[in-house]
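Today I am opening my notebook on a new structure.

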Amino acid sequence: MKNTLARWLDSDVGYSFRNSPVAMLAALIALVCLFSSLFAGWVAPHNPFDLTTLELSDARLPPAWSEEGSRKYLLGTDDQGRDILSAVIYGARISLIVGISSVVLSVVVGVALGLLAGFRGGWVDTVLMRLCDVMLSFPAILVALLIAGVGRALFPHAHESLAFGVLILSISLTGWVQYARTVRGSTLVERNKEYVQAARVTGVSPLSIMRKHVLPNVLGPVLVLATIQVATAIITEATLSFLGVGAPPTSPSLGTLIRVGNDYLFSGEWWITVFPGAMLVLIALSVNLLGDWLRDALNPRLR
């Protein structure tokens with residue numbers, strides 16, 4: 001483990017990371033958010049979704065530094081008496097899981113179809129690229145709204161895992177297109193190079209050529225795109241939850257918390273929506289900054 005980390009720090013990408021304060025700060029923020037979300041049960045001071053621990057008398061308390069605030073609730077409470085800090089930590093976990101899962105699914109589908117289209121060409125390439133054109137003609141958020149809404153209508157009493165599956169599918173349905181087009185363009189370049197021709201002459205199957213030879217050489221742009229798309233997927237999930245077709249009400253994400261707090265924003269309880277919104281901005285900004293750094297680090301012209 002230590003040797004692997006040392007080799008990475010000595011590489012060109014590691015050197016770029018060590019000399020980029022913005023990337024290091026963004027990575028630190030992203031790691032803190034990820035750690036807090038994954039281990040919310042140990043990090044959060046309360047379990048905001050345990051109904052037995054909620055006290056309505058503590059509802060809508062301001063942050064601890066206010067005159068009416070309580071040290072028990074550092075960032076205040078919402079309309080149900082839930083601790084805002086704990087709710088933000090638990091909500092971020094849901095947003096991160098849905099966002100990362102949807103990007104992973106999009107990468108798997110998009111890379112596979114892009115490799116197939118670029119390597120086979122012909123009618124396969126034509127059909128897949130026309131499908132991409134059709135998907136790009138619809139706004140991603142509208143497609144996600146349609147799929148999420150239809151899924152909730154067909155399975156109104158479904159288990160939470162199914163509801164999250166529908167949410168991940170709705171975000172991934174249009175997300176795979178960018179990966180497919182990116183990988184297809186890189187594959188068109190790689191398939192005519194000498195190492196691919198040599199593999200064909202030696203009798204290597206097309207599937208093995210795509211998996212062992214072409215795929216490793218087209219993953220660079222995919223990694224950059226996936227890093228940036230994580231932030232987009234998290235914001236999309238928050239948007240769907242804000243509109244009421246995202247995460248289940250029993251497991252609210254950051255978008256749900258923002259929607260709940262929005263009803264009290266103009267009545268003086270600003271903390272109910274501001275802190276979940278700040279957490280969402282912090283996660284998206286740190287991931288986007290990491291994506292920008294990775295794009296520059298993997299571009300040999302900028303070294």
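**Entry 1: the second largest pocket.** A reminder to myself before I start: this model is predicted. I began with the second largest pocket and found 19 residues in its lining. Nearest the centre of this pocket I noted Ala140, Ile171, Thr174, Gly175 and Gln229. Then I looked up where the lining comes from: H5, helix H6 (122–136), helix H7 (140–154), helix H8 (160–190) and H10 each give two or more residues. Which element gives the most to this lining? I found that H8 does, with six residues. For the volume of the second largest pocket I wrote down about 270 Å³. Sorted by class, its lining has 10 nonpolar and nine polar residues, and no charged ones.

**Entry 2: the largest pocket.** Next I turned to the largest pocket, which holds about 500 Å³ of space. Its lining is made of 18 residues, and Ile100, Thr227, Val230, Val287 and Leu290 come closest to the centre. I checked the helices here too: helix H3 (21–38), helix H5 (84–120), helix H10 (206–242) and helix H12 (271–297) each supply at least two lining residues. How many residues of each class line the largest pocket? I wrote down 16 nonpolar, two polar and no charged residues.

Entry 3: I moved on to charged side chains. Side chains of opposite charge can pair when their charged atoms come close. Searching the whole structure gave me seven salt bridges. One of them joins Arg82 and Asp78, with the closest N and O atoms 2.7 Å apart. Are these two partners buried or exposed? Buried means under 20% relative accessible area. Arg82 has 8% relative accessibility, so Arg82 counts as buried. Asp78 has 3%, so Asp78 counts as buried too.

**Entry 4: a pair between two helices.** I then looked up Arg184 and Asp125, whose side chains meet in a salt bridge at 2.8 Å, N to O. Arg184 sits in helix H8 and Asp125 in helix H6, so this pair ties together parts that are 59 residues apart in sequence.

Entry 5: Another salt bridge on my list is the one between Arg130 and Asp133, at 2.9 Å, N to O. How many residues apart are Arg130 and Asp133? I counted three, about one turn of the helix, with both residues in helix H6. Arg130 has a relative accessible area of 46% and is partly exposed. Asp133, at 31% relative accessibility, counts as partly exposed as well. I also found that salt bridges with shared partners join Arg130, Asp133 and Arg181 into one network.

Entry 6: Last, I looked at Arg60. What is its phi angle? I noted a value near 55 degrees, which is positive in a residue other than glycine. Where does Arg60 lie? I found Arg60 in the loop between helix H4 (40–43) and H5. At 39% relative accessibility, Arg60 counts as partly exposed.

Key: Residues numbered from 1 in each chain as written. Predicted model: local features only at pLDDT ≥ 70, side-chain atom pairs only at ≥ 80, totals over all residues. Heavy atoms only, no water. 1 Å grid on protein atoms, 1.4 Å probe; cavity = no way out; pocket = protein on both sides within 12 Å on 5 of 7 lines; lining within 4 Å. Points joined across faces, edges and corners; volume = space filled by probe spheres on them. Helix = DSSP H or I, 4+ residues; strand = E, 2+ residues; numbered from the N terminus. Nonpolar A, V, L, I, M, F, W, Y, C, P; charged D, E, K, R; others polar. Salt bridge = Lys/Arg side-chain N within 4 Å of Asp/Glu carboxyl O. Buried < 20%, exposed > 50% of the residue type's maximum accessible area, 1.4 Å probe, protein only.
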